[in-house]
Amino acid sequence: MRNKSVFKDLFAFIPLLISGLLCIGLIFLLWQKVSSTPTFTETLTQLTTIFIGISGFLSAVIMVYLAVAAMNLKNTKANVVDNLGKFTQKMHTFRSIVELLFRSKIWLPGLKEYIDDEFAGLTFFEVKEFYKGKSKLAIEFLQENHNYADTENLYLEMKSLLLTGPKEKNVPEDIAFPKMYSKDIVAKWLEHKCGSGLWYYFGYKYAVFKEALDLNAVFERHQDKIMSLANTIDSEAFEDSSFNEIFLSKLGEYMTKEVIPQLYQFQDESNRKMPGFFRYMYGLFLFLVLFGVLLPIFFLLFNLSILTLIVSFAFVISVIFFITISFYPFLSKEING
């Protein structure tokens with residue numbers, strides 16, 4: 001993979017190298033022509049205004065494109081930020097529901113003490129990543145013979161959803177609702193499908209676990225609050241739902257498939273830097289203005305050396321040549337990327 005990456009970088013560098021060699025070659029040839037043919041200086045001078053016009057036109061086209069693209073990017077960014085805010089709020093609401101369930105009495109007697117005391121500091125992420133060998137506690141946990149009908153895994157999963165960082169170990173008394181979740185914790189939720197435990201324990205395998213998960217132990221006022229919160233997440237999806245195993249299964253599936261993936265996606269898009277294509281176009285714009293417009297104008301205004309005009313011609317021709325041989329590969333790379 002590393003050799004492939006080096007090859008790609010080298011392949012991308014070739015157009016720049018060829019254009020650089022062309023520029024040097026043109027400077028040499030034009031200087032030789034000026035030295036051997038005195039009238040050639042006058043020819044170059046007469047072509048200067050046409051040259052400035054061509055460079056100015058190309059610069060103006062690129063400048064207009066960059067301005068329009070920047071406005072579109074700004075609107076897209078605003079839309080991404082707006083959606084990120086909406087899905088962040090959905091995640092806040094879901095975590096509030098999880099907290100009510102996590103702190104309720106649905107669990108078998110002794111389960112909370114078993115996890116919080118005997119395996120204090122153990123996280124769901126460490127258990128899922130036991131194969132990395134970073135947590136001896138996780139390996140010890142998996143080797144234990146548990147007496148809680150496997151619901152200790154659901155408890156750890158709910159615990160993970162109340163954390164705001166992958167390195168946090170314990171759920172605080174008052175859980176935090178940050179303005180924006182860290183990308184690391186969202187990536188962990190997505191990677192380990194946190195929330196799918198609700199679908200698994202209360203849906204797919206509820207017949208196996210219903211004796212170990214007492215939904216009737218959730219206070220009625222908390223049940224009402226959970227339903228109200230769920231309707232805040234999506235009133236259409238949970239409109240006709242009641243507090244039962246079907247609702248919790250549906251909620252877990254909805255969060256795992258809809259909210260957490262899109263939360264991660266919008267976070268990724270909101271943190272994305274300026275596209276490489278913008279830098280590419282701005283670089284071309286800069287070179288055309290400096291060497292195709294300003295340098296020839298300075299030559300005309302201040303009677304600079306003919307070498308100034310030669311450098312200007314050579315650079316602009318090389319830039320146009322560079323656009324010709326690199327534009328399509330660069331555009332293809334940006335689109336595919």
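**Salt bridges in the model**

A: Lys 86 and Asp 82 pair their side chains in a salt bridge, at 3.5 Å from N to O. Please keep in mind that this is a predicted model. Both residues belong to helix H2 (residues 39–102), where they are 4 residues apart, about one turn of the helix. Lys 86 is partly exposed, with a relative accessible area of 48%, and Asp 82 is partly exposed too, at 40%.

Glu 126 and Lys 169 make another salt bridge, with 2.3 Å between their closest N and O atoms. This pair links distant parts of the chain, 43 residues apart: Glu 126 is in helix H4 (residues 124–128), while Lys 169 is in the loop between H6 and helix H7 (183–191). Glu 126 has a relative accessible area of 19%, so it counts as buried, the cut-off being under 20%. Lys 169, at 34%, is partly exposed.

Next come Asp 268 and Lys 183, whose side chains meet in a salt bridge of 2.7 Å, N to O. Because Asp 268 lies in helix H11 (residues 245–270) and Lys 183 in helix H7, this pair ties together parts that are 85 residues apart in sequence. Asp 268 is partly exposed at 27% relative accessibility, and Lys 183 is partly exposed at 31%.

There is also a network: Glu 129, Lys 132 and Lys 188 are joined by salt bridges that share partners. Across the whole structure, the search finds 7 salt bridges.

How values were computed:
Residues are numbered from 1 along each chain as its sequence is written. This is a predicted model: local features need pLDDT of at least 70, side-chain atom pairs count only at pLDDT 80 or more; totals for chains, interfaces and linings use all residues. Side-chain values use heavy atoms; hydrogens and water are left out. A salt bridge is a side-chain nitrogen of Lys or Arg within 4 Å of a carboxyl oxygen of Asp or Glu. Helices (H or I, at least four residues) and strands (E, at least two) are DSSP runs, numbered from the N terminus. Buried means under 20% relative accessible area, exposed over 50%, partly exposed in between (1.4 Å probe, protein chains only).
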